Amino acid sequence: MSHYSLANLVRHGLTGHRGWKPAWRDPAPQAGYDAIIVGGGGHGLASAYYLAKNHGLNNIAVLEKGWLGGGNTGRNTTIVRSNYLLDANAHFYEHGMKLWEGLSRDLNFNVMFSQRGVINLAHSKGQLETFRRRGNAMRLNGIDAELLDRDAVATLVPGMDVSANSRFPVEGGLLQPRGGTARHDAVAWGYARAADRRGVDIIQNCEVTGIRRDQSGVTGVETSRGFIASKRIGLAVAGHSTQLAAMAGLRLPIESHVLQAMVSEPVKPVLDTVVTFGAAHLYVSQSDKGELVMGGDIDGYNSFAQRGNLPVIEHVAACLLALFPQFSRLRILRTWGGIMDMTMDGSPIIGTTPVPGLFLNGGWCYGGFKATPASGWVFAHTMATGQPHALNADLNLNRFHQGRVLDEKGAGPYPWLH
Amino acid sequence: MLLIPCPHCGPRAQTEFSYGGDANVARPPAPEDADGGTWVDYLYLRDNAKGGHDELWQHIFGCRRWLRVGRDVVSHEITSCTELAESGA
Ligand SMILES: Cc1cc2nc3c(=O)[nH]c(=O)nc-3n(C[C@H](O)[C@H](O)[C@H](O)COP(=O)(O)OP(=O)(O)OC[C@H]3O[C@@H](n4cnc5c(N)ncnc54)[C@H](O)[C@@H]3O)c2cc1C
Ligand SMILES: [Zn+2]
């Protein structure tokens with residue numbers, strides 16, 4: 001498994017690139033491990049990587065029912081940002097942002113992190129004032145934020161209609177210059193390869209169907225490839241957290257909902273930043289291939305179907321044209337959906353559970369891709385030490401029992417409204 | 001598109017309705033005696049079934065009645081739709 005470098009590229013080039021080895025092994029499951037992580041998305045793989053790298057554990061398995069990154073990691077619109085209001089979220093996501101900034105080098109894998117900036121549009125004086133408040137909170141937490149007036153928005157996004165006659169005239173915006181996008185598959189593959197190189201067993205086509213426990217805590221998992229023993233089990237299964245937790249007798253403050261995304265046909269470069277239009281719900285950026293990548297709201301009712309419905313697609317397209325009328329003749333190329341854990345306060349749940357040895361990494365709602373490095377970092381700490389890291393202490397499951405919910409929008413316990 | 005068979009208005013598109021969530025969440029019968037755990041159960045914990053789900057929808061662009069809909073959350077098949085007031089819940 002050779003290092004990826006210019007020298008190796010040239011060396012393999014001389015032999016027609018026939019010498020490259022698979023980026024990770026395909027081991028059969030062992031009888032038991034020091035730690036098992038269920039779910040081979042970005043979060044599970046990052047957790048395994050940091051368990052090995054930061055905590056010296058290497059007798060670890062990641063169990064994935066399908067293929068690596070086939071869940072939400074490979075379905076999201078890849079926006080990375082840390083522009084949160086509440087301290088607990090701000091510190092956690094900002095730690096993630098710092099990890100993103102060195103990730104390609106750390107993993108020796110190009111995750112194509114592109115800090116092209118994320119702009120939240122404001123369409124009224126009132127909305128701009130709430131952005132000012134959030135921007136100030138971010139700056140107090142050491143995070144970059146810039147309040148933009150209408151002209152500044154027009155300069156940064158020249159193709160957008162900011163005229164007074166537009167359907168939703170733009171008043172200004174909040175910019176996080178260090179925000180941007182990354183290549184989603186590369187994040188899964190990069191962490192997988194780096195974890196594998198540290199001895200982690202990555203086992204695909206291995207579905208967890210049960211969790212065994214005794215008086216002292218968990219003892220292992222039943223899987224489609226047999227029983228695998230471990231006294232330390234971490235769940236990182238995105239939209240299926242409630243299903244897995246139920247196997248250990250736990251109910252969670254989570255509902256599963258479908259979020260859709262879509263891309264247009266590819267065009268020449270037209271948009272070099274990420275624009276989010278929260279008033280009506282659209283976020284759009286342009287991929288390196290030239291496609292406009294778009295998403296909006298969740299469909300809004302409980303769903304475990306990895307596909308969505310047309311009304312949301314139509315709504316997203318309408319929002320796009322309200323901002324960029326010139327895209328009216330672009331065709332939508334593909335649409336898809338992913339099942340997400342929507343929590344009762346809209347913030348993630350990452351930490352310990354009432355079942356000894358069982359740890360939960362879920363409830364990522366719309367925003368878990370950007371959290372991948374930070375999530376892996378703190379989840380590894382939690383699994384290795386049995387205690388939450390300072391950065392996820394406030395994100396623990398028990399916050400619901402202690403009345404410390406983290407509701408950025410103040411929307412209340414209605415998961416479909418977050 | 002979900003086609004919801006409103007008992008008053010007939011089959012209508014989902015865009016005429018507003019979602020109200022799990023229909024089996026019941027407020028503690030004696031709120032003044034309910035302990036913290038009971039409130040957490042009521043406010044936050046859900047079964048989140050992967051399969052049949054009883055849920056509330058309000059026909060906001062129709063008769064404005066609250067309906068109790070049985071729907072499979074994997075296939076989206078709607079198996080029942082009754083007036084909430086008559087369902088006894
Ligand atoms: C359409 C869409 C757009 C999004 N856009 C953004 C965005 O722009 N920015 C952002 O930050 N976030 C975004 N998100 C959210 C983000 O994608 C997720 O929060 C994040 O990728 C979750 O990563 P994960 O590793 O937890 O989950 P996943 O990648 O879904 O991994 C979980 C894995 O667990 C596996 N699994 C499930 N059950 C079992 C079982 N019983 N046994 C074994 N394995 C199992 C699944 O097969 C899956 O591979 C978006 C999500 C969607 C759906
Ligand atoms: Zn009706």
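User: Which residues lie nearest the centre of the second largest pocket?

Analyst: In this predicted model, the second largest pocket has a volume of about 610 Å³, and 23 residues form its lining. By class, that lining divides into 13 nonpolar, seven polar and three charged residues. Those that lie nearest the centre of the pocket are A:I298, A:D299, A:G300, A:V312 and B:F17.

User: Which three residues of chain B supply 30% of the area that chain B buries against chain A?

Analyst: The contact between the chains takes 25 residues from chain B and 25 residues from chain A. Together the two chains bury about 2,200 Å² between them, and 54% of this lies on carbon and sulfur atoms. On the side of chain B, the three residues that supply 30% of the buried area, more than any other three, are B:Y19, B:Y44 and B:N48.

User: How many residue pairs are in polar contact across the interface of chain B and chain A, and which element gives the largest share of chain B's side?

Analyst: Counting pairs in which both residues have pLDDT 80 or more, the interface of chain B and chain A holds 15 residue pairs in polar contact. On the side of chain B that touches chain A, the elements giving two or more residues are β3 (18-22), α1 (36-43) and β4 (52-58). This side of chain B has 11 nonpolar, eight polar and six charged residues. The largest share of the side, four residues, comes from β3(B).

User: Why does the salt bridge of A:R251 and B:D41 join two chains, and how far apart are the closest N and O atoms?

Analyst: Over all chains the whole structure has 23 salt bridges, and two salt bridges are found across the interface of chain B and chain A. A:R251 is placed in the loop between α8 (241-247) and β13 (254-264) of chain A, whereas B:D41 belongs to helix α1 of chain B, and therefore the pair joins two chains. In the salt bridge that B:D41 forms with A:R251, the separation of the closest N and O atoms is 3.8 Å.

Methods:
Residues are numbered from 1 along each chain as its sequence is written. Chains are lettered from A and ligands numbered from 1 in the order in which they are written. This is a predicted model: local features need pLDDT of at least 70, side-chain atom pairs count only at pLDDT 80 or more; totals for chains, interfaces and linings use all residues. Side-chain values use heavy atoms; hydrogens and water are left out. Contact means heavy atoms within 4.5 Å. Buried area is the accessible area (1.4 Å probe) that two parts lose on being put together, summed over both. A salt bridge is a side-chain nitrogen of Lys or Arg within 4 Å of a carboxyl oxygen of Asp or Glu. A polar contact is a pair of N or O atoms within 3.5 Å; within protein, one must be able to donate a hydrogen and the other to accept it, and residues adjacent in sequence count only if both atoms are side-chain atoms. Ala, Val, Leu, Ile, Met, Phe, Trp, Tyr, Cys and Pro count as nonpolar, Asp, Glu, Lys and Arg as charged, and the others, Gly among them, as polar. On a 1 Å grid over the protein atoms alone, a cavity is a set of points where a 1.4 Å probe fits but cannot get out, and a pocket is an open set with protein on both sides within 12 Å along at least five of seven lines; lining residues have an atom within 4 Å of a point. Grid points are joined across faces, edges and corners, and a volume is the space filled by probe spheres set on the points.
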